[in-house]
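Visitor: Hello! I am new to this structure. Could you show me how to read it?

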Amino acid sequence: MAKLPVLEEEGRRFGCTQCGNCCVQPGYVFFGLEELKGMATHLGLSVIRFKQRYNVSWEAAERRYAIDATDGNGCPLLTEDRRCSVHEKKPVQCQTFPFWSEMMEGRAVWDEAKKFCPGLDAPKGRLYPMAELAEILRGDRGT
Ligand code: SF4
Ligand code: SF4
């Protein structure tokens, strides 16, 4: 389980604008086998075909599967109109953004992410109280 950071604030304010910017940030999309199966089924693909099409690798250090989107071209599961093609089955990693443990450790990473995510501290966003954030952080890893 991910280490839970100390949450010293009353919470974090967030309201997603559906801009899709987070899906084009360079990085890895990690997921477990059940999530992989769910995404493949959602797209009408076999697990093998899904792995081939999206160049899924097994990351031994993470003990999870991953899609490498570090080239700056964005996640290959993002559609041309910037929608997630597996939205209903997207990995927990994506479901829980921006409430990732590294985003909750102080303000620095959160504030840096405001360069691409207009939802962070959005005045019209919802205030997620500390207790709710702690629950999200406990379940921030998929199966
Ligand atoms: S970048 Fe932020 S506001 Fe835009 S889709 Fe992602 S979470 Fe939502
Ligand atoms: S799986 Fe969907 S939500 Fe997650 S990074 Fe890819 S396009 Fe974005």
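Visitor: By class, how many nonpolar, polar and charged residues does the shell around ligand 2 have?

Guide: Let me start with the ground rules. This is a predicted model, where local features need pLDDT of at least 70, side-chain atom pairs count only at pLDDT 80 or more, and totals for chains, interfaces and linings use all residues. Residues are numbered from 1 along each chain as its sequence is written, chains are lettered from A and ligands numbered from 1 in the order in which they are written, and side-chain values use heavy atoms, leaving out hydrogens and water.

Guide: Ala, Val, Leu, Ile, Met, Phe, Trp, Tyr, Cys and Pro count as nonpolar, Asp, Glu, Lys and Arg as charged, and the others, Gly among them, as polar. Around ligand 2 there are eight nonpolar, no polar and one charged residues. Among them are Cys23, Cys75, Cys84, Lys90 and Cys94.

Visitor: What is a salt bridge, and how many are there by this rule?

Guide: A salt bridge is a side-chain nitrogen of Lys or Arg within 4 Å of a carboxyl oxygen of Asp or Glu. The count here is nine. Arg107, Asp111, Lys114 and Asp121 are linked in a network of them.

Visitor: Which residue forms a salt bridge with glutamate 62?

Guide: Arginine 64 does, with the closest N and O atoms 3.1 Å apart.

Visitor: Is arginine 64 buried or exposed?

Guide: Buried means under 20% relative accessible area, exposed over 50%, and partly exposed in between (1.4 Å probe, protein chains only). Arginine 64 is buried, at 12%, whereas glutamate 62 is partly exposed, at 32%.

Note on methods. A residue is near a molecule or strand if one of its heavy atoms lies within 4 Å of it.
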